[in-house]
Amino acid sequence: MKTIGLIGCGSIARQQYATLLRSFFPHSEKLFFDLDPSAASVMANILKGKSVELSQIIEKCDFIIITTPPESHFELLKQCIMPNRTIFCEKPFLLKLSEIERIIALSTLQDSKIYVGHIRRFFPSIIQARQFQETGLLGKILKIDVFEGTRFDWESRSGYHFTSPFGGVITDTGSHSLDTLLYVIGLDEKRAEFRLVDRTRIPEIEPSHVFKASFKISGETLNAEASIYLSRRTFLANKMNIYCENGILEVPLDMKNAVRISNHSGKTILHEQYPLQDIDAVFHRQFQHILSEGGELLKVSRFLNTTKLLETLL
């Protein structure tokens with residue numbers, strides 16, 4: 001029987017991971033740690049587990065879930081990596097290329113498996129966009145524009161979104177947006193370089209709540225312009241437009257099951273045949289992928305470019 005450890009017992013833990021732990025590890029011993037002991041006690045009471053010190057989770061657990069603010073991830077990962085252990089870390093994973101390279105090296109040395117929580121890779125529109133983009137029917141990618149904005153209403157216990165230099169919209173929402181961009185165009189598996197062209201953020205010092213940037217993406221077969229516009233204050237289109245030689249691919253960044261292809265012949269809508277219906281189902285699918293299918297889409301090595309691009313834009 002596995003011993004499961006949860007580090008970080010804030011809002012995301014209560015709203016999503018409590019259900020996942022109950023579903024996937026019904027008979028496992030469950031240990032909880034948070035800098036706020038009362039938060040760990042709440043989770044322990046919900047799931048009939050124990051509120052413990054961090055050292056006990058590091059020593060005892062076979063499977064560790066990290067849902068703390070991003071500035072703590074690197075040090076926690078270094079402490080948690082041990083032989084034959086599985087670690088799942090919420091996004092934003094790491095914000096420096098040197099850190100993710102170090103974590104990959106350590107996990108390889110210790111034969112430890114690390115997965116990253118980027119659930120959008122299981123969204124219906126993202127699955128369809130990736131599959132269609134792989135056909136190459138629209139030809140060479142020329143330009144990519146990303147728009148994502150809404151009124152911020154997440155109930156964060158830690159408040160890091162407003163106090164931490166890593167809590168701004170570019171690291172919070174933007175880590176999702178940028179990973180989606182790279183995943184759809186296949187740059188989660190290939191080498192790529194990024195160059196910042198222009199950047200505006202409000203306020204000017206992180207954490208910012210409005211972020212705009214233009215940048216260049218280059219790879220083995222790609223040399224494209226890109227832009228991103230993120231906001232916690234304004235409603236935006238919440239989509240990604242990929243402009244190619246032979247048409248445009250429009251990809252919603254939410255749970256919509258529709259990808260639009262436009263070219264000189266007209267417009268076509270693609271739908272995922274068996275789409276997940278809500279965010280709870282996506283979280284469940286993510287863990288099913290890790291525990292039953294090997295977790296290939298979420299392996300830490302597939303997030304090098306996401307980290308590199310975030311570091312470039314920050």
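How close do the axes of helix α1 and α9 come, and at what angle do they cross? The axes of α1 (residues 11–24) and α9 come within 10 Å and cross at roughly 50°. Axes here are lines fitted to C-alpha atoms, for helices over the stretch in contact, and angles run from 0 to 180 degrees between N-to-C directions.

Keep in mind that this is a predicted model, where local features need pLDDT of at least 70, side-chain atom pairs count only at pLDDT 80 or more, and totals for chains, interfaces and linings use all residues. Residues are numbered from 1 along each chain as its sequence is written, and side-chain values use heavy atoms, with hydrogens and water left out.

Helices (H or I, at least four residues) and strands (E, at least two) are DSSP runs, numbered from the N terminus.

**The α1/α9 crossing**

- α1 and α9 are therefore oblique to each other; angles under 35 degrees count as roughly parallel, over 145 as roughly antiparallel, 65 to 115 as roughly perpendicular and the rest as oblique.
- The crossing of α1 and α9 is right-handed, a label used when the near helix is turned clockwise from the far one by less than a right angle, with anticlockwise being left-handed.
- On the α1 side, I12, Q16, Y17, L20 and F24 do the meeting, and their partners in α9 are I279, D280, F283, H284, Q286, F287, Q288 and L291. Contact means heavy atoms within 4.5 Å.
- An α-helix has 3.6 residues a turn, so residues three or four places apart point the same way.

- Six strands make an open sheet in the order β3-β2-β1-β4-β5-β6, with parallel pairing.
- Its edge strands are β3 (50–51) and β6 (113–117), each pairing on one side only. Two strands pair if DSSP finds at least two bridges between them.
- β1 (residues 3–7) and β2 (residues 29–33) run parallel and are joined by five bridges. I7 has F33 in β2 as its bridge partner.
- Helix α4 (residues 73–80) lies across β1, β4 (63–66), β5 (86–90) and β6, and runs at about 175° to β5.
- Helix α9 (residues 279–293) lies across β4, β5 and β6, running at about 155° to β5.

**Strand β7 and its partners**

- β7 runs antiparallel to β11, with six bridges joining them. V146 stands opposite M240 in β11.
- β7 also pairs with β10, this time in the parallel sense over seven bridges. D145 has S227 in β10 as its bridge partner.

**Buried helix faces**

- Helix α6 (residues 124–135) has 12 residues and reaches 17 Å from its first C-alpha to its last, close to the 16 Å expected. That expected span is 1.5 Å times one less than the number of residues.
- P124, S125, I126, Q128, A129, R130, F132 and Q133 are the buried residues of α6. Buried means under 20% relative accessible area, exposed over 50%, and partly exposed in between (1.4 Å probe, protein chains only).
- Those α6 residues pack against β7 (141–149), α8 (173–184), β11 (239–244), β12 (247–252), β13 (259–263) and β14 (266–270).
- Seven of the 10 residues of helix α10 (residues 304–313) are buried, so α10 is largely enclosed by the rest of the structure.
- In α10 the buried set is N305, T306, T307, K308, L309, L310 and L313, and they pack against α5 (97–110), α8, β8, β9 and β10 (223–231).

**Loops worth a look**

- H209 sits in the loop between β8 (192–202) and β9 (210–219), and is buried, with a relative accessible area of 13%.
- Leaving aside neighbours within four places in sequence, H209 is in contact with H161, F162, V169, I202, P203, L230, S231, R232 and R233.
- P203 is in the loop between β8 and β9, and the peptide bond from I202 to P203 is cis, with omega near -10°.
- The peptide bond from K91 to P92 is cis too, with omega near -10°; P92 lies in the loop between β5 and α5.
- D111, in the loop between α5 and β6, has phi near 55°, a positive value in a residue other than glycine.
- N238 has a positive phi near 55° as well and lies in the loop between β10 and β11. At 23% relative accessibility, N238 counts as partly exposed.
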